[in-house]
Amino acid sequence: MIFKDAVGATETNVDLQIATVKNLITALVEKFGQQFGEKIIDPKTRELRRYINVFVNGKDIRNLQGFETRLKEGDEVALIPAIAGGSDFLGFTQDQIVRYSRQLILKEVGGMGQRKLMASKILIIGAGGLGSPAALYLAAAGVGKMGIIDSDKVDLSNLQRQIIHSTKAIGKAKARSAKDSILALNPEVDVVVFEERFEPENALDVIKGWDFVVDGSDNFPTKFLVNDACVLKGIPFSHAGVLRFVGMTTTIIPHKGPCYRCLIKEAPPPGVVPTCQEAGVLGTVPGVMGTIQASEAIKFIIGSGDLLVGRVLYFDALGMKFDQFELRRNPKCPSCGDRPLIKDLSQVDYGTVCRVRSR
Amino acid sequence: MTEVKVDRKIDIRGDVCPYTFVKSKLAIEELKSGQVLEIILDHDPAVENVPRSMEADGHKVLGVKKIGKKEWQILVRKA
């Protein structure tokens, strides 16, 4: 005779002279001890606990002959507690309820928001200083599917701020290293890795099918490309940039607010604005900004709160202050304006200042 | 309390705080305003915590009743 526990995790062959369910339970209590016994039998009443159902070959013993139901060789007996550990509760496993409990009890998240997160697909462009915290927090929150695009390898100089990577990942592709960390944090996330640069040639293919994009890139051409591609395809995204002790971020919902080109028409010529490589950056600055980007992604997915749309948030870590500036849609914006010039990514020269080519 | 029509029942015996509240909250979320959730639990502190948390969320606790040696029934009407 085979006895299975509630989740079928353990199977025990009970080789005893057992005639009825009652005999079996007595034998099980003898075999597994007092503690097991008290889980299924109330020690005071000596009766089976009311929240445990007993099934013989899938049939509830209440519909058979109760405890006197006769058992024969090969019968399968299952003891199933009503709704308890192991089984699903309103579509969540016990582990999910525990893992996400601190956000499940937030009214703005709740079960509905958590289900939306678990069904969401978010693309992270760049597994660097911004992408690291963004990807980790989104994985922790239970985003269902995450894409990571990065063509670089982990370098020792990255580790001061790119906290998704570890010392032992040096030399490894960043996208893969990020995937490893995400899965170590939350194995439920489906991670898609793109070990390539985000370029005009692949941009539209890469962003296809994602609900939200987090731009964690570190250069103007990529930032303009993310903007133009997302505006063309109507995909909402979070923009951020960092330098030294400052960062700025804004959220773009194409055609429902301004875009990055409404703020900056084209990239400053090379050399005018230094890069982090030249000017340095405090590791916590992309940490703060990337975390804000993840917050925006979560809010967008669950549909709660006010997004940073039409606002640019500016962070100064030295002065330790946040400021925000209004950003309005430019009707003449080449990307999202009333008569947009950019209808195809090939119209833009992303090599230098990301200017729209004159025709 | 016996006259109340229950729209949904959850049996969360075996669960402890805060998961008693997490599950109660998940369950009441599924109901429409005015519907009643019956919660059966056996974790002592939850007998006070769950009704308090439900009220903090604006729901109406219709009653808390001991129905067994360690078992309690809590009825909550969704706000």
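**Close-up views of a predicted model**

**View 1. The surroundings of A:F322 in chain A.** Leaving aside residues up to four places away in sequence, A:F322 touches A:L313, A:Y314 and A:F315. In this predicted model, A:F322 belongs to strand β15 of chain A, which covers residues 321-326. A:F322 has 12 C-beta neighbours inside 10 Å and therefore counts as exposed, since the cut-off for that class is 12 or fewer. Although A:S346 is 24 residues from A:F322 in sequence, the two are 37 Å apart in space, taken from C-alpha to C-alpha.

**View 2. The packing of helices α1 and α2 in chain B.** Helix α1 (residues 19-29) and helix α2 (residues 44-56) of chain B pack with their axes 9 Å apart and at an angle of about 40°, and α1(B) and α2(B) are therefore oblique to each other. The crossing in which α1(B) passes α2(B) is right-handed. On the side of α1(B), the contact is made by B:T20, B:F21 and B:S24, while α2(B) contributes B:A46, B:N49, B:V50, B:S53 and B:M54. Sorted by class, this contact of α1(B) with α2(B) has four nonpolar and four polar residues, and no charged residues.

**View 3. The side of chain A that touches chain B.** Where the two chains meet, 17 residues of chain A are in contact with 16 residues of chain B. On the chain A side, α3 (94-99), α4 (101-104) and α5 (110-118) each supply at least two residues, and the largest share, three residues, comes from α5(A). By class, the side of chain A that touches chain B consists of twelve nonpolar, four polar and one charged residues.

Methods
Residues are numbered from 1 along each chain as its sequence is written. Chains are lettered from A and ligands numbered from 1 in the order in which they are written. This is a predicted model: local features need pLDDT of at least 70, side-chain atom pairs count only at pLDDT 80 or more; totals for chains, interfaces and linings use all residues. Two residues are in contact if their C-beta atoms, placed from the backbone, lie within 7 Å. Helices (H or I, at least four residues) and strands (E, at least two) are DSSP runs, numbered from the N terminus. Ala, Val, Leu, Ile, Met, Phe, Trp, Tyr, Cys and Pro count as nonpolar, Asp, Glu, Lys and Arg as charged, and the others, Gly among them, as polar. Axes are lines fitted to C-alpha atoms, for helices over the stretch in contact, and angles run from 0 to 180 degrees between N-to-C directions. Angles under 35 degrees count as roughly parallel, over 145 as roughly antiparallel, 65 to 115 as roughly perpendicular and the rest as oblique. A crossing is left-handed if the near helix is turned anticlockwise from the far one by less than a right angle, and right-handed if clockwise. A residue is buried if 20 or more other C-beta atoms lie within 10 Å of its own, exposed if 12 or fewer, and partly exposed in between; C-beta atoms are placed from the backbone.
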